[in-house]
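Dear colleague,

I am passing on the structure we discussed, with the sequence alongside, and my notes follow below it. Please read them with the model open.

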Amino acid sequence: MAPLVHLPAEGRTFTARRRIRLSDMDAGGRLRLDAVARYLQDVASDDVDETGWGAPEHLWVVRRTRIDVVAPFLGGGEVELTTWCSGLAPSAAGRRTSLAGAGGRIEVESVWIHLGPDARPARLDDTFGVYGAAAGGRRAATRLTLPQPSPATGGVPWPLRAVDVDLLGHVNNAVHWAAVEERLPEAPLDPTRPFRALLDYHRPLDVDDDLELVAYDGGDLSLAFVADGGTKAVARLETLRETR
């Protein structure tokens with residue numbers, strides 16, 4: 001399983017709390033992946049807003065995410081989220097977030113691309129040191145690694161809605177996780193037991209895209225988000241097993 005998390009020896013960490021609400025849980029009381037994604041966005045936004053690395057001067061879009069559900073949150077309660085910078089790249093940063101409380105534990109590693117006010121990739125300058133110390137010299141890997149289906153055919157339509165669009169004009173990343181939750185019953189894993197969820201974001205989704213979800217072999221569930229003949233994102237779920 002995912003190793004126990006040790007906070008960085010130096011550098012900034014940020015902690016916030018969220019109460020698991022009715023709209024965050026599935027019919028069995030489990031904290032859903034799309035709700036986790038919203039928590040992650042909120043705590044990241046609160047963090048960068050406090051340091052001056054938030055909008056409108058600085059924009060952040062997620063590149064890839066790994067969610068290790070070490071112990072699922074079941075039945076509500078309060079979640080404590082602690083987050084810090086886990087790696088750096090010229091125009092990207094890794095963010096580690098640990099969720100604990102109410103009998104659950106989730107560990108998340110994500111990579112975010114840094115954009116300027118013009119919504120174009122922008123290099124991180126030396127003032128990012130408020131976060132850089134926690135990275136400890138580690139590099140944020142921006143390369144996407146999940147395989148794609150070939151050819152991407154045989155999909156199921158997934159209609160997008162106006163309420164799925166965020167401030168940047170694209171479909172919010174939490175919407176991808178809602179689609180994963182929709183297909184979760186097809187996976188041969190038990191979501192009330194430890195599992196890993198991975199998502200690579202290739203290109204932004206737009207509300208007028210004719211989106212299809214394409215399931216293919218790989219892990220316990222592999223799902224491609226396909227529009228206009230190309231892959232916009234890829235997700236994978238797999239049972240989280242103990243490693244030695």
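The second largest pocket is lined by 18 residues, and those lying nearest its centre are R64, R66, E109, V111 and A141. Please bear in mind throughout that this is a predicted model. The volume of this second largest pocket is about 220 Å³, and at least two residues of its lining come from each of β2, β3 (77-89), β5 and β7 (195-201). By class, the lining of the second largest pocket is made up of six nonpolar, six polar and six charged residues.

The largest pocket, for its part, has a volume of about 970 Å³, and 35 residues line it, with W60, V61, V62, W112 and L168 lying nearest its centre. Two or more residues of that lining are given by each of α1, β2 (59-71), β4 (92-101), β5 (104-115) and α3. When the lining of the largest pocket is sorted by class, 20 residues are nonpolar, ten are polar and five are charged.

The largest cavity holds about 80 Å³ of space, and its lining consists of A37, L40, Q41, V62, T65, R95, T97, V108, S110, W112, N173 and W177. The elements α1, β2, β4, β5 and α3 each give two or more residues to this lining, which divides into six nonpolar residues, five polar ones and one charged one.

For the second largest cavity, the volume is about 50 Å³, and the residues around this space are R30, L31, L33, V69, P72, F73, I106 and F195. Seven residues of the lining of the second largest cavity are nonpolar, none is polar and one is charged.

How do the two helices α1 and α3 pack, and at what angle? Helix α1 (residues 33-51) and helix α3 (residues 173-183) have their axes 7 Å apart and meet at an angle of about 165°; the two helices are therefore roughly antiparallel to each other, and α1 passes α3 in a right-handed crossing. On the α1 side the contact is made by L33, D34, A37, R38 and Q41, while α3 contributes N173, A174, W177, A178, V180 and E181. The residues of this contact comprise six nonpolar, two polar and three charged.

Most residues other than glycine have a negative phi, and most peptide bonds are trans. Against that background, A55 and P56 are joined by a cis peptide bond, with omega about 5°, and P56 is found in the loop between α1 and β2. A119, although not a glycine, has a positive phi of about 65°, and this residue A119 is found in the loop between β5 and α2 (129-135).

With best regards

Terms used
Residues numbered from 1 in each chain as written. Predicted model: local features only at pLDDT ≥ 70, side-chain atom pairs only at ≥ 80, totals over all residues. Heavy atoms only, no water. Axes fitted to C-alpha atoms, helices over the stretch in contact; angles between N-to-C directions. Helix = DSSP H or I, 4+ residues; strand = E, 2+ residues; numbered from the N terminus. Parallel < 35°, antiparallel > 145°, perpendicular 65-115°, else oblique. Left-handed = near helix turned anticlockwise from the far one by under 90°. Contact = heavy atoms within 4.5 Å. Nonpolar A, V, L, I, M, F, W, Y, C, P; charged D, E, K, R; others polar. 1 Å grid on protein atoms, 1.4 Å probe; cavity = no way out; pocket = protein on both sides within 12 Å on 5 of 7 lines; lining within 4 Å. Points joined across faces, edges and corners; volume = space filled by probe spheres on them.
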